[in-house]
Amino acid sequence: MSAPRKIDRREGRGLFGLDPESYDRARPEYPDEVWALLGDRCGLGPGCRVFEVGPGTGRATRRLAQMGAASILAIEPDERFAPYLKAIEAETGAPVDVRVQAFDEADLPAASFDLGVAATSFHWVAAGPGLLKAAAALRPGGWWAMWWYVFGDPRRLDPFQQATDHILAPLMPSPSQGEKPGIPRALDQEARRAELEAVPEFHKIEAQVWPRTFPLNTDQVRALYATFSPIARLEESERLRVLDAVADAAEKQFNGRVERRILTALYVAQRR
């Protein structure tokens, strides 16, 4: 049996800017452990030259700037996010160069960056060519870091996930679902390490996963699920039907108080 067809990368890159303000409000911050590791291991701090793949509204970009990045090249395919990214420059004073194009079409100067990052975005890039391009843009000794949210833990399903799986199961999956049944792309460490190991310039590969719980009321559940690409891509009436069903489950089965388990999976590799 063939694997289910996933959302096309070109389509997916344009889904998140449909309502950027709501997207920005609904998505949680990345945990402090991510930023501690980037600072301690990967050199993020004053003077660091960074490129970022698919920054969206700049949830990670802002932290990069706040931690002292000397410059940030933000490569974002959806022009609707550009004003959010430029606002970070005005807010923090860190130079943010916004390039509106897909990463696979971007022309990056070779060996010019200390750090490259992709925050919940690299599943929209073909991994092989994308990692080769990332490595080529880093100076020797520079670091690559990619990380993802995973909403739910396949080894420990939370009650809300169990109660709503039947609503989401029929939808076309995102590439974030991964290649192996039941294992999100971000949690398939064997596959992600193999992709990094296939790049001759990379070594010192490391993976980390941090779990946490995330409380949501009914409105927050609806807003968060509206940012999921399998729902965002639906025709409006069907999208509203799915969101109504998810919100109804939160309100009636969980009294408007949902605890979602969220994992953050991070991979780093150093340029030889």
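Trainee: Is Trp144 buried or exposed?
Mentor: Trp144 is buried, with a relative accessible area of 0%. Please bear in mind that this is a predicted model.

Trainee: And Phe51, buried or exposed?
Mentor: Phe51 is buried, and its relative accessible area is also given as 0%.

Trainee: How many aromatic pairs are there in total?
Mentor: The count comes to 17 aromatic pairs. One of them joins Phe51 and Trp144: the ring centres are 6.0 Å apart and the planes stand at 25 degrees, so the pair is stacked.

Trainee: Why does 25 degrees make the pair stacked?
Mentor: Planes under 30 degrees apart count as stacked, and the planes of Phe51 and Trp144 are at 25 degrees.

Trainee: Which strands does that pair tie together?
Mentor: Phe51 belongs to strand β1 (residues 49–53) and Trp144 to strand β5 (residues 138–151), so the pair ties together parts that are 93 residues apart in sequence.

Trainee: What about Phe160 and Phe254, stacked or edge-to-face?
Mentor: That pair is edge-to-face, because the planes of Phe160 and Phe254 are at 70 degrees, with the ring centres 5.4 Å apart. Phe160 sits in helix α7 (residues 159–168) and Phe254 in helix α11 (residues 236–254), so this pair ties together parts that are 94 residues apart in sequence. Phe160 is buried, at a relative accessible area of 1%.

Trainee: Which aromatic cluster do they belong to?
Mentor: Phe160 and Phe254 are in one aromatic cluster with Tyr30, Trp35, Trp147, Tyr149, Phe151, Tyr225 and Phe228.

Trainee: Which ring has Lys133 over its face?
Mentor: Lys133 lies over the face of Phe103, at 5.6 Å from the ring centre.

Trainee: Back to the strands. How does β1 pair with β2, and over how many bridges?
Mentor: β1 and β2 pair in the parallel sense, over five bridges. Within β2, Leu73 is the bridge partner of Phe51. Strand β2 itself (residues 71–75) is mostly covered, as four of its five residues are buried.

Trainee: New topic. Where is Thr227?
Mentor: Thr227 is in the loop between α9 (218–226) and α10 (229–232). Thr227 is buried, with a relative accessible area of 5%.

Trainee: What is Thr227 in contact with, leaving aside its neighbours in sequence?
Mentor: With neighbours within four places in sequence left aside, Thr227 is in contact with Phe16, Tyr23, Ala26 and Arg27.

Trainee: Last topic: how many disulfides are there in the whole structure?
Mentor: A search of the whole structure finds zero disulfides. For Cys42, the nearest cysteine sulfur is that of Cys48, 9.0 Å away.

Trainee: Are Cys42 and Cys48 buried or exposed?
Mentor: Cys42 counts as buried at 4% relative accessibility, and Cys48 counts as buried at 2%.

Notes. Residues numbered from 1 in each chain as written. Predicted model: local features only at pLDDT ≥ 70, side-chain atom pairs only at ≥ 80, totals over all residues. Heavy atoms only, no water. Phe/Tyr/Trp six-rings, centres within 6.5 Å; stacked < 30°, edge-to-face > 60°. Helix = DSSP H or I, 4+ residues; strand = E, 2+ residues; numbered from the N terminus. Buried < 20%, exposed > 50% of the residue type's maximum accessible area, 1.4 Å probe, protein only. Lys NZ or Arg CZ within 6 Å of the ring centre and 35° of its normal. Pairing = 2+ DSSP bridges. Contact = heavy atoms within 4.5 Å. Disulfide = S-S within 2.5 Å.
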